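Please read them beside the coordinates.

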Amino acid sequence: MFKLESMNTPKGDQITAIEKLTENIKSGIKEQILLGATGTGKTFTIANVIERVGKTTLVLAHNKTLAGQLYMELKELFPNNRVEYFISYYDYYQPEAYVISSDTYIEKEATINNEIDKLRNSATASLLERKDTIVVASVSCIYGIGSPDSYENQMIVLRKNDSISRKELINKLSDAFYVRSQIDLNRGTFSVKGDVFEILPPYESSVGIRIELDYDNISSIKEIDVTTHKAIKELEMISIYPATQFVTDKATLNESIRRIEEELKERIEYFMSHDMPLEAERIKSRTSYDIEMLKEIGSCQGIENYSRHLALKGPNETPYTLLDYLGDDYMVIIDESHVTIPQVRGMFNGDRSRKEALVDYGFRLPSALDNRPLNFTEFESKMKTVIYMSATPGDYEKERGPIIEQIIRPSYLLDPIVKIHPTKNEIDDVVKEVDKTIKMGYRTLITTLTIKMSEDLSSYLKKLGYKVAYLHSEIKALERLEIIRKLRLKEYDCLVGINLLREGLDIPEVSKILILDADKEGFLRSERSLIQTIGRAARNEFGEVILYADAMTDSIKNAMVETERRRNIQMEYNRVHGTIPKSIIKPIGQALVLSKEIEDRVDSRIDYSKISRKEIYRMLSSLEKEMLKAAKELDFERAMELRDTIFEIKKETKYDK
């Protein structure tokens with residue numbers, strides 16, 4: 001069913017990894033681990049496994065940026081199959097909450113990204129329509145959505161020459177939550193002019209559907225260009241999926257409303273019996289309004305809070321999620337599993353603690369607690385065939401099944417050399433190492449354990465004449481982007497920071513990493529963190545890492561042993577095959593700063609008071625356009641940086657227009 005198209009062929013231990021992973025799945029092994037070093041082409045390996053196994057596949061990533069990269073790569077590799085994208089559709093999201101200590105109710109506030117919403121609808125439609133579907137998703141896919149049965153039952157299937165009246169088709173579209181529009185076609189709307197219907201499904205943005213009736217018979221079905229309204233091609237039949245993933249038929253909706261009314265009555269009685277009249281009145285007025293909206297238009301603000309009743313489920317029953325759309329036999333790929341698995345595990349408790357306050361104080365019915373993500377036990381029970389992918393798999397994954405290794409990079413780069421230097425005179429040694437790296441034409445990353453150490457070291461290196469940038473939590477988005485860009489442009493010699501792991505600093509120009517206080521056991525100096533930090537130097541053929549330590553901790557020992565083991569495998573492969581490692585070449589992006597005045601102050605605190613109101617307006621307008629463009633192109637790392645920059649400027653300038 002799947003057809004992979006690529007000019008590349010599997011290389012090195014990609015070949016063995018593909019064969020072993022495929023063979024294990026076909027022999028009935030449910031869980032296994034692909035331990036792939038950074039930059040070894042794990043996505044290409046997984047694509048080959050998908051083609052050979054032939055199962056509908058969910059690829060799970062821990063953030064939008066990574067999910068976007070995987071989506072684009074897999075879409076290119078499988079041009080004739082369905083490759084879909086399912087992530088949270090909010091550009092901005094402030095969840096509904098109640099702060100007990102200050103008696104503050106925070107209303108839900110969200111900005112929905114229409115492009116992402118379209119892709120989410122496309123994903124659910126594809127899963128019900130075709131088995132050769134790959135969905136790349138963030139962990140938001142374990143959050144409750146509508147029932148797949150209700151969604152499929154509300155699908156409208158139309159064939160040429162079918163008998164259907166104008167009124168009947170209008171009713172069918174309305175029942176599927178399409179909104180009638182007489183002006184422009186937007187996603188999830190339709191227009192009617194005489195016996196001609198034009199419909200734009202929620203999973204399209206430029207290609208609509210035109211249905212022409214002739215005396216209660218469908219005379220033609222066409223795909224049309226929404227802008228020009230010109231026909232693109234004739235169709236014999238069409239399946240039109242609902243305009244929302246929370247759908248239900250009239251009979252179910254009526255039963256849902258009855259259940260909500262019954263729960264409301266019980267909740268009012270509960271509050272009154274506990275001498276809580278304010279909470280009783282609050283829940284009565286809020287829920288009664290929602291019930292009226294459900295009766296009138298079939299939907300309401302915050303309809304997801306009634307998802308248990310709409311699905312006719314009981315208390316604490318497992319909610320429907322994207323996983324329920326995958327069918328009975330599917331494969332799950334969990335990328336960066338050492339981060340993704342803990343994230344999945346933590347979602348349930350974080351969501352529940354916020355909603356319990358809303359329920360306890362009369363803002364929501366108790367059934368709102370069932371609008372939730374899967375708990376970890378439920379998530380595990382839904383896993384059919386799983387491949388965990390990581391350069392440093394966690395303890396949970398290691399216990400689940402066999403480990404298949406992929407160590408050789410397509411660039412043939414080696415894992416860096418790792419050395420230990422004593423802490424005595426370490427600052428003098430740091431200076432020598434920075435000097436060596438500058439002479440080679442490359443840059444250095446220095447990671448410390450404390451803010452004070454980072455500040456002191458940055459100041460000391462600057463006094464000696466080095467061009468140093470210090471990355472810390474108070475560095476704003478605009479400044480951070482420019483700092484990293486200037487490092488790549490050689491305007492800085494080195495970066496100093498505490499947790500450089502979270503910065504996403506895969507910079508080819510960095511050939512040396514210096515880790516101070518490497519023997520202080522803890523999260524930032526654990527075996528996994530050390531391996532990940534060491535991997536930052538694996539983009540450069542002269543990669544080297546120096547650990548400053550006086551004691552050989554287990555974390556240091558294990559990280560060095562593992563790095564050396566991988567390096568030996570890579571060197572032997574290069575020796576046998578005559579391959580030569582070459583540093584990665586990565587283009588340097590354009591600067592985001594829009595004013596020379598700001599660029600000159602990146603190294604110090606930006607003084608927005610010295611920037612004119614007109615300049616601020618121009619900056620914000622340009623940044624917002626860039627943010628929307630980046631989001632549409634699925635470049636979410638850039639979009640998030642731009643969003644943070646906009647928030648920063650508005651906050652600092654108190655700009656409200």
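1. With which residues is Asn305 in contact, leaving aside its neighbours within four places in sequence? They are Glu96, Lys355, Arg364, Ser367, Ala368 and Asn371, where contact means heavy atoms within 4.5 Å. Asn305 is found in the loop between helix H8 (277-297) and H9. Its relative accessible area is 7%, so Asn305 is buried; here buried means under 20% relative accessible area, exposed over 50%, and partly exposed in between, with a 1.4 Å probe and protein chains only. Helices (H or I, at least four residues) and strands (E, at least two) are DSSP runs, numbered from the N terminus.

2. On the basis of the values: this is a predicted model, in which local features need pLDDT of at least 70 and side-chain atom pairs count only at pLDDT 80 or more, while totals for chains, interfaces and linings use all residues. Residues are numbered from 1 along each chain as its sequence is written, and side-chain values use heavy atoms, with hydrogens and water left out.

3. Overall figures. The protein chain has 20 helices and 25 strands. Of its 657 residues, 53% are buried. Among contacts in the protein chain with a separation of 6 or more, 75% are between residues 24 or more positions apart.

4. Cores. A nonpolar core is taken as a set of buried Ala, Val, Leu, Ile, Met, Phe, Trp, Tyr and Cys residues joined through side-chain atoms within 4.5 Å. The largest one has 34 residues, and those with the most contacts inside it are Leu34, Val49, Leu74, Phe78, Ile134, Val136 and Ile387. A second, separate core has 32 residues, including Leu60, Leu326, Val386 and Tyr388. Leaving aside neighbours within four places in sequence, the contacts of Leu34 include Ala17, Leu21, Ile387, Tyr388 and Ile404.

5. Strand S24 and its partners. All six of the six residues in S24 (residues 510-515) are buried. S24 pairs in the parallel sense with strand S21 (residues 443-447) over five bridges, and also in the parallel sense with strand S25 (residues 544-548) over four bridges; two strands count as paired if DSSP finds at least two bridges between them. Thr444 stands opposite Lys512 in S24, and Ile515 has Leu547 in S25 as its bridge partner.

6. Crossover. S24, helix H16 (residues 527-534) and S25 make a right-handed β-α-β unit. Right-handed means that, with the strands pointing away from the viewer, the path from the first strand over the helix to the second runs clockwise.

7. Helix H14. This helix (residues 451-463) has 13 residues and reaches 18 Å from its first C-alpha to its last, close to the 18 Å expected at 1.5 Å a residue; the expected span is 1.5 Å times one less than the number of residues. Its buried residues are Ser454, Leu457, Ser458 and Leu461. They cover an arc of only 100 degrees around the axis, which puts them on the same side of H14; the arc is that of the directions from the helix axis to the C-beta atoms. On the other side of H14, Lys452 and Lys463 are exposed.

8. Ile446 is in S21 and counts as buried, at 0% relative accessibility. The C-alpha atoms of Ile446 and Leu457 are separated by 9.4 Å, and the two residues are 11 residues apart along the chain. Gly465, which follows H14, has a positive phi near 100 degrees.

9. Backbone points to check. Most residues other than glycine have a negative phi. Asn316, not a glycine, has a positive phi of about 70 degrees. Asn316 lies in the loop between helix H9 (307-310) and strand S17 (330-334), and is exposed, with a relative accessible area of 56%. Tyr412, also not a glycine, has a positive phi of about 65 degrees and lies in the loop between strand S19 (403-406) and strand S20 (417-421).

10. Open sheet. Six strands form an open sheet of mixed pairing in the order S10-S11-S12-S13-S14-S15. Strand S10 (179-180) and strand S15 (231-235) stand at the edges, each with a single partner strand, so one side of each is left without a neighbour in the sheet. Within the sheet, strand S12 (residues 196-200) and strand S13 (residues 207-213) pair in the antiparallel sense over four bridges. The bridge partner of Ile199 in S13 is Ile209.
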